[in-house]
Amino acid sequence: MKALKIIPGLFLLILSDFVGLAQPKINAYQLLNKGVKQYEKAEWEIKLAARYSNPYNQKDITLDMSLISPSGKPVALPCYFEGGDTTASVWRARFAPQEAGKYVYHFRVQNKTGAVESASGAFIAVASLKPGFLHKNSLWTFKFDNGQLFRGIGENVGWESRAFENPKWTYDYLLPTLAKNGANFFRTWMCYWNMPLEWQKVNSTKRYGNTTEYFNPGAIKRMDELVNLTDSLHLYFMLTMDWHGHLMEGGGWKNSPYNVVNGGPAKTPTEFFTLRGARDKYKNKLRYVVARWGYSTSIAAFEFFNEVDNAAFNGADSILIPHAAITQWHDEMSRYLKDIDPNRHMVTTSVSHRDIIGMNSIAYIDFNQKHIYKHTEKIPAIYPDYIQTFGKPYVVGEFGFRWEDDDPKYGKDEDYDYKRGLWYGLFSPTPLLPMTWWWELFDTRKMTPYFNGVRQISDEMLKAGNGSFEQFAVTIDRIESHGVQCGNKFFVYLLNNTGEKITSPVSFAFKGKGALVKQFDPSTRQYKTLAGYTVLRGSIKIGDLSLDTKKETVLVIETR
């Protein structure tokens with residue numbers, strides 16, 4: 001065998017190039033903001049020379065920002081890949097300081113050949129009047145970083161119009177409409193027709209196209225726009241990062257990026273939950289979502305799945321995916337998400353109507369969820385049942401008169417259901433009022449302004465009680481009633497769900513020698529003062545009130 005002759009100079013050149021590529025290097029970094037404000041996005045550009053096969057795979061390469069806050073608290077922030085190649089790549093860090101004052105920081109890149117840290121930098125975060133990020137607080141409220149209390153009032157805006165729907169239904173139209181009508185919250189999905197972050201194959205959309213990229217560029221762009229829009233409107237939202245159809249053999253699974261036929265790691269929907277390769281892939285998505293959009297105070301909560309039970313069961317309620325696999329997956333992912341998110345956004349997931357064994361007890365799920373259709377009248381009883389059993393806040397993430405479609409012939413019934421669902425939530429221990437589905441129908445029926453009245457009473461409750469809510473029983477003939485005391489004010493919701501007009505006195509336990517009694521009309525948002533009442537032996541009795549069929553009213557009684 002003939003020996004291979006190597007030219008010494010050439011060998012040294014090859015060796016030096018190999019070593020240069022093998023050892024990651026942080027060439028430069030730059031703060032892009034002119035100044036940094038508390039609770040607002042600060043952004044850095046970082047330039048690297050580092051080897052990787054896939055810059056979105058954290059087992060291949062990671063770039064992290066390590067900070068020391070003004071109070072001395074260590075903060076770890078994942079960074080994300082923006083573009084370039086292994087010889088010169090550009091990365092970004094996005095951070096919203098939760099403290100005002102001086103931060104010291106550095107970057108650390110690691111790939112399969114080693115790790116390198118940058119020189120330290122520093123910046124001053126100027127104090128802000130903004131409230132900050134939302135966090136779990138009580139059964140009734142969430143709380144901002146600054147201590148301000150929050151109750152979410154809004155609806156689902158599940159997605160923007162699909163290819164076969166009226167192009168009017170966009171975030172740009174729907175969200176400003178919500179914001180100007182008293183709503184402060186909405187819920188929206190990532191799926192293969194709406195912000196399809198992981199989907200190379202899209203469907204039912206003209207807004208997004210197929211791609212060979214690891215993350216869909218169109219989804220990234222639209223998510224950037226959504227976060228900017230919600231920040232400007234002071235709206236908060238729940239980001240649903242996946243939906244049950246993804247894991248249905250007859251649905252999205254055939255196009256899933258996790259399916260082996262599309263180059264993914266899993267042969268079946270069950271393996272999506274059980275295979276380490278599939279779990280690692282999902283963590284890549286979570287890391288990217290936190291790195292790119294985790295700075296946003298408008299993202300109130302990350303929701304893993306919409307109605308995961310609809311993938312776990314078939315139509316006959318036979319189990320398709322073992323409950324233990326789903327619960328263990330949620331436990332691992334919720335822990336991981338909390339670990340990598342420096343701003344500790346709330347974390348949740350949802351079921352339609354069938355519980356997944358063990359999932360309501362997961363420590364790092366901040367609040368549990370269920371969806372209620374065709375049984376809105378059952379909503380008030382749901383909260384105490386789940387709260388007593390699992391000891392955490394409960395949310396009705398979707399509700400509606402029917403789930404099949406938004407046929408306008410049911411419009412009046414839908415309107416009635418829409419109204420009472422909101423009031424049931426306001427008078428129940430939940431931090432997010434039940435959120436209607438069929439946003440297009442209710443916009444067409446001009447129902448969105450109804451949020452104003454609910455928001456008005458909600459704000460009055462929060463101001464009066466400063467987070468104190470105590471339910472009480474109300475006595476009235478044949479009219480549905482719910483009562484909540486907040487501080488020195490008593491709030492009573494009355495609904496005539498019979499087929500005739502009813503006139504009846506109202507009474508309940510009351511401490512005080514006198515009262516100011518007002519009646520609020522949710523439709524007109526007008527108050528009128530009522531004079532016909534008596535206070536005697538620890539109770540108040542308000543003279544005959546008349547309520548037409550299918551109508552509601554709110555009483556506000558202030559102690560003197």
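Me: What volume does the largest pocket have?
Reply: The volume of the largest pocket is about 580 Å³. Keep in mind that this is a predicted model.

Me: Which residues are closest to the centre of that largest pocket?
Reply: Glu307, Asn310, Ser352, Tyr373 and Trp403 are the closest, out of 22 lining residues.

Me: And which element gives the largest share of the lining?
Reply: Strand β19, residues 368-373, with 4 residues of the lining of the largest pocket.

Me: How does that lining split by class?
Reply: The largest pocket is lined by 9 nonpolar, 7 polar and 6 charged residues.

Me: OK, on to α8. What length should helix α8 span, and what do its ends say?
Reply: Helix α8 runs over residues 379-390, so its 12 residues should span 16 Å at 1.5 Å a residue. The end C-alpha atoms are 17 Å apart, which agrees.

Me: Which residues of α8 are buried?
Reply: Ile379, Pro380, Ile382, Tyr383, Tyr386 and Ile387 are the buried residues of α8. They sit on the same side of α8, because the arc they cover around the axis is only 155 degrees.

Me: What covers those buried residues of α8?
Reply: The cover includes β19, β20 (394-400), α9 (411-426) and β22 (480-486). Strand β19 also turned up above, with 4 residues in the lining of the largest pocket.

Me: And which exposed residues are on the face of α8 turned away from the buried side?
Reply: That face carries Ala381, Gln388 and Thr389, which are exposed.

Me: What follows α8?
Reply: Glycine 391 does, and its phi is positive, near 70 degrees.

Me: Which non-glycine residues have a positive phi?
Reply: Histidine 234 is one of them, with a phi of about 60 degrees. Aspartate 317 is another, at about 65 degrees. As background, most residues other than glycine have a negative phi.

Me: Where is histidine 234, and is it buried or exposed?
Reply: Histidine 234 is in the loop between α3 (217-233) and β16 (236-240). Histidine 234 counts as exposed because its relative accessible area is 55%, and the cut-off for exposed is over 50%.

Me: Switching to cavities. How many of 30 Å³ or more are there in the whole structure?
Reply: The search finds 4 cavities of 30 Å³ or more. The largest cavity holds about 100 Å³ of space.

Me: Which residues lie nearest the centre of the largest cavity?
Reply: Pro55, Tyr56, Cys79, Tyr80 and Arg287 lie nearest, from a lining of 14 residues. By class, that lining has 10 nonpolar, 3 polar and 1 charged.

Me: Which elements supply at least two residues each to the lining of the largest cavity?
Reply: β6 (80-84) and α5 (276-293) each do. α5 gives the most, with 4 residues.

Me: And the second largest cavity, what space lies in it and what lines it?
Reply: About 50 Å³ of space lies in the second largest cavity. Its lining is Met190, Cys191, Met195, Pro196, Leu197, Glu198, Trp199, Met241, Asp242 and Lys285. That makes 7 nonpolar, no polar and 3 charged residues.

Me: What does threonine 534 touch?
Reply: Ser539, Ile540 and Lys541, not counting residues up to four places away in sequence.

Me: How many residues separate threonine 534 and serine 507 in sequence, and what is the C-alpha to C-alpha distance?
Reply: Threonine 534 and serine 507 are 27 residues apart in sequence and 9.5 Å apart in space, C-alpha to C-alpha.

Conventions. Residues are numbered from 1 along each chain as its sequence is written. This is a predicted model: local features need pLDDT of at least 70, side-chain atom pairs count only at pLDDT 80 or more; totals for chains, interfaces and linings use all residues. Side-chain values use heavy atoms; hydrogens and water are left out. On a 1 Å grid over the protein atoms alone, a cavity is a set of points where a 1.4 Å probe fits but cannot get out, and a pocket is an open set with protein on both sides within 12 Å along at least five of seven lines; lining residues have an atom within 4 Å of a point. Grid points are joined across faces, edges and corners, and a volume is the space filled by probe spheres set on the points. Ala, Val, Leu, Ile, Met, Phe, Trp, Tyr, Cys and Pro count as nonpolar, Asp, Glu, Lys and Arg as charged, and the others, Gly among them, as polar. The expected span of a helix is 1.5 Å times one less than its number of residues. Buried means under 20% relative accessible area, exposed over 50%, partly exposed in between (1.4 Å probe, protein chains only). The arc is that of the directions from the helix axis to the C-beta atoms. Contact means heavy atoms within 4.5 Å.
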